[in-house]
Amino acid sequence: KLRPADYTAVDNAVNRYKAIDTSRYTEASYARVTAFYEQIVYGLNITMQAEVDAMAEDLNYAIDNFLKLRPADYTAVENAIAEYEELNPSHYTDDSWAELEDAVDAVEYDLDLDHQDEVNAMAQAIKTAIANLDYAIGDYSKVTAALTEADSLTASHYTPESWADLQ
């Protein structure tokens, strides 16, 4: 009777597979790794050691190369950009509006879960820029001109009713 093959490397690879936090990876990439796990055949003898070693190598390779992290959550960025899009740039100073646009333009898309902190920081930068917007000073020159003209009017040129409305 032949000795059984040594499954130590396979067992180590299986332990790595079972330790995978599936919530961090895309379903498709985890399914691809699972296919390698499901190809493992136990009970082979020492004459099949090369095949046993290949199963371990294949599973380790799949774990190392096929798992793809889920994308980062951009909900906060999307909400901040939606708030930005509701604003009217003419209501704010050019400098403060430029800072907001810089924050929006700095958003880097397609980051994965390992970069969630960076995505959160981008959302916060937009929110901060919105909070720091400075209102533009309006042009009151026409109002001032109308008041000056009204002050130069003479009451005797108008009916009492129209003069009362002007006052």
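The buried residues of helix 6 pack against helix 4 (75-85) and helix 5 (94-105); contact here means heavy atoms within 4.5 Å, and buried means under 20% relative accessible area, exposed over 50%, and partly exposed in between, with a 1.4 Å probe and protein chains only. Helices are DSSP runs of H or I with at least four residues, numbered from the N terminus. This is a predicted model, in which local features need pLDDT of at least 70 and side-chain atom pairs count only at pLDDT 80 or more, while totals for chains, interfaces and linings use all residues. Residues are numbered from 1 along each chain as its sequence is written, and side-chain values use heavy atoms, with hydrogens and water left out.

The buried residues of helix 6 are Gln-116, Val-119, Met-122, Ala-123, Ile-126, Ala-129 and Ile-130. Seen down the helix axis, they fall within an arc of 155° and so line one face of helix 6; the arc is that of the directions from the axis to the C-beta atoms. On the other side of helix 6, Asp-117 and Ala-131 are exposed.

In the loop between helix 5 and helix 6 lies Asp-114, which is partly exposed at 48% relative accessibility. Not counting residues up to four places away in sequence, Asp-114 touches Arg-24 and Leu-69. Asp-114 and Arg-70 are 44 residues apart in sequence, and their C-alpha atoms are 8.8 Å apart in space.

Elsewhere, Val-143 belongs to helix 7 (residues 141-151). With a relative accessible area of 47%, Val-143 is partly exposed.

Conventions: Helix = DSSP H or I, 4+ residues; strand = E, 2+ residues; numbered from the N terminus.
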